[in-house]
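Please read this briefing with the sequence and the model side by side. The points are grouped by topic.

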Amino acid sequence: MLFVAACLLSLAANAQVLEVVSMQKLPIAAQADMKVAGVSPAGDYILLTTGSNQGLQRYDLESQTLTTLSEAAGAGYNVQVSNDGKEVVYRETSLNRSNLRENKFVRMNMYNERRNTIARGQRDMKHMSTSDNLTTVSIKDRLIVLTRNGLTTTLAPNGMNESYIWPSVSPDGTKLCYYVCGNGCWVSNIDGSNPQYIGHKCQAAKWYDNNTLVAMATYDDGHFTTASSIVLYTLDGKKQVLTNDSMIAMYPYAAKNAIVFSTIEGETYLLNVK
């Protein structure tokens with residue numbers, strides 16, 4: 001209780017965007033390189049992977065059970081969850097006969113665990129779709145690749161010479177969030193127009209709603225991460241820090257009234273917010 005209270009004290013020094021109702025450590029056995037890879041929109045399950053994106057697991061919050069969905073390399077990288085939470089699309093990476101990496105993209109029903117291969121042998125993520133025609137984004141050759149309504153385009157909102165990482169699409173599909181290496185987090189229209197600067201310490205940002213981003217703010221000594229907190233940014237300039245220096249909190253994902261994140265020790269936490 002004292003630990004949770006200390007973490008919530010950080011709210012006093014920041015503009016309050018959301019009210020933190022509670023924070024709980026989930027009863028998942030900690031692994032040194034475990035991290036959150038996604039969460040369902042309703043917040044009823046969490047996806048977990050390793051630091052190297054090896055494998056994919058589902059943790060059901062109601063039953064508190066952990067199920068292995070894939071043990072393949074790359075399965076935890078840029079997992080796409082459908083808007084209704086019924087399907088996820090993930091990749092499985094392997095080496096072909098020429099010793100080059102190829103991806104197989106798998107669409108899985110999260111309720112009966114039926115799997116369909118929707119693309120095989122691709123070097124990159126170009127075409128991915130779910131039952132609700134999910135808009136997807138990925139990175140290829142340091143640029144943003146957007147697939148929407150079956151059409152794939154390459155975007156470079158800040159110029160072709162920049163390196164882009166951590167892209168994500170707003171829930172209403174109208175905005176694109178991304179990070180420019182060495183510069184910071186930006187938000188643009190879905191076609192890459194009208195880029196707006198958000199902040200430098202807004203890393204690996206995900207959308208909480210159409211106006212709010214949840215991200216991590218990390219610090220390092222050139223070799224190791226020395227501090228990291230979970231932060232909120234709004235498009236109108238507000239900022240709120242949700243965790244303090246008592247933990248190294250990283251890679252947040254947002255669901256309805258909830259934010260989940262990992263610690264550097266491989267623990268998983270759930271913030272209930274409103």
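**A loop residue and its surroundings**

Leu18 lies in the loop between α1 (2-8) and β1 (20-25). Helices (H or I, at least four residues) and strands (E, at least two) are DSSP runs, numbered from the N terminus. This is a predicted model, in which local features need pLDDT of at least 70 and side-chain atom pairs count only at pLDDT 80 or more, while totals for chains, interfaces and linings use all residues. Residues are numbered from 1 along each chain as its sequence is written, and side-chain values use heavy atoms, with hydrogens and water left out.

**Leu18**

- Leu18 has a relative accessible area of 8% and is therefore buried; buried means under 20% relative accessible area, exposed over 50%, and partly exposed in between (1.4 Å probe, protein chains only).
- Leaving aside residues up to four places away in sequence, Leu18 touches Tyr208, Leu232, Gln240, Val273 and Lys274; contact means heavy atoms within 4.5 Å.
- Leu18 and Asn257 are 239 residues apart along the chain, and their C-alpha atoms are separated by 9.3 Å.

**The sheet β17-β18-β19-β20**

- Four strands make an open sheet in the order β17-β18-β19-β20, with antiparallel pairing; two strands pair if DSSP finds at least two bridges between them.
- Why does one side of β17 (203-209) and of β20 (239-241) lack a neighbour in the sheet? Both strands stand at the edges and each has a single partner strand, so one side of each is left without a neighbour.
- From one strand to the next, the twist averages 25°; the axes are lines fitted to C-alpha atoms, for helices over the stretch in contact, and angles run from 0 to 180 degrees between N-to-C directions.
- Nine bridges pair β18 (residues 212-220) with β19 (residues 225-234) in the antiparallel sense.
- Ala217 stands opposite Ser229 in β19.
- Thr212 is found in strand β18, and its 5% relative accessibility counts as buried.
- Not counting residues up to four places away in sequence, Thr212 touches Val17, Lys206, Trp207, Leu232, Tyr233 and Thr234.

**The sheet β13-β14-β15-β16**

- This open sheet has four strands in the order β13-β14-β15-β16, and the pairing is antiparallel.
- β13 (164-169) and β16 (196-199) are at the edges with a single partner strand each, so one side of each has no neighbour in the sheet.
- The twist in this sheet averages 25° from one strand to the next.
- β14 (residues 175-180) pairs with β15 (residues 184-189) over six bridges in the antiparallel sense, and the bridge partner of Leu176 in β15 is Ser188.
- β15 and β16 run antiparallel and are joined by three bridges; in β16, Tyr197 is the bridge partner of Trp186.
- The hairpin of β15 and β16 has six residues between the strands, and Gly192 there takes a positive phi near 90°.

**The largest pocket**

- The largest pocket has a volume of about 1,100 Å³. On a 1 Å grid over the protein atoms alone, a pocket is an open set of points where a 1.4 Å probe fits, with protein on both sides within 12 Å along at least five of seven lines, and lining residues have an atom within 4 Å of a point. Grid points are joined across faces, edges and corners, and a volume is the space filled by probe spheres set on the points.
- Of the 42 residues that line the largest pocket, the closest to its centre are Val79, Gln80, Ser168, Lys206 and Tyr253.
- The elements that give two or more residues to this lining are β2 (34-39), β6 (80-81), β10 (136-140), β13, β17 and β21 (249-255).
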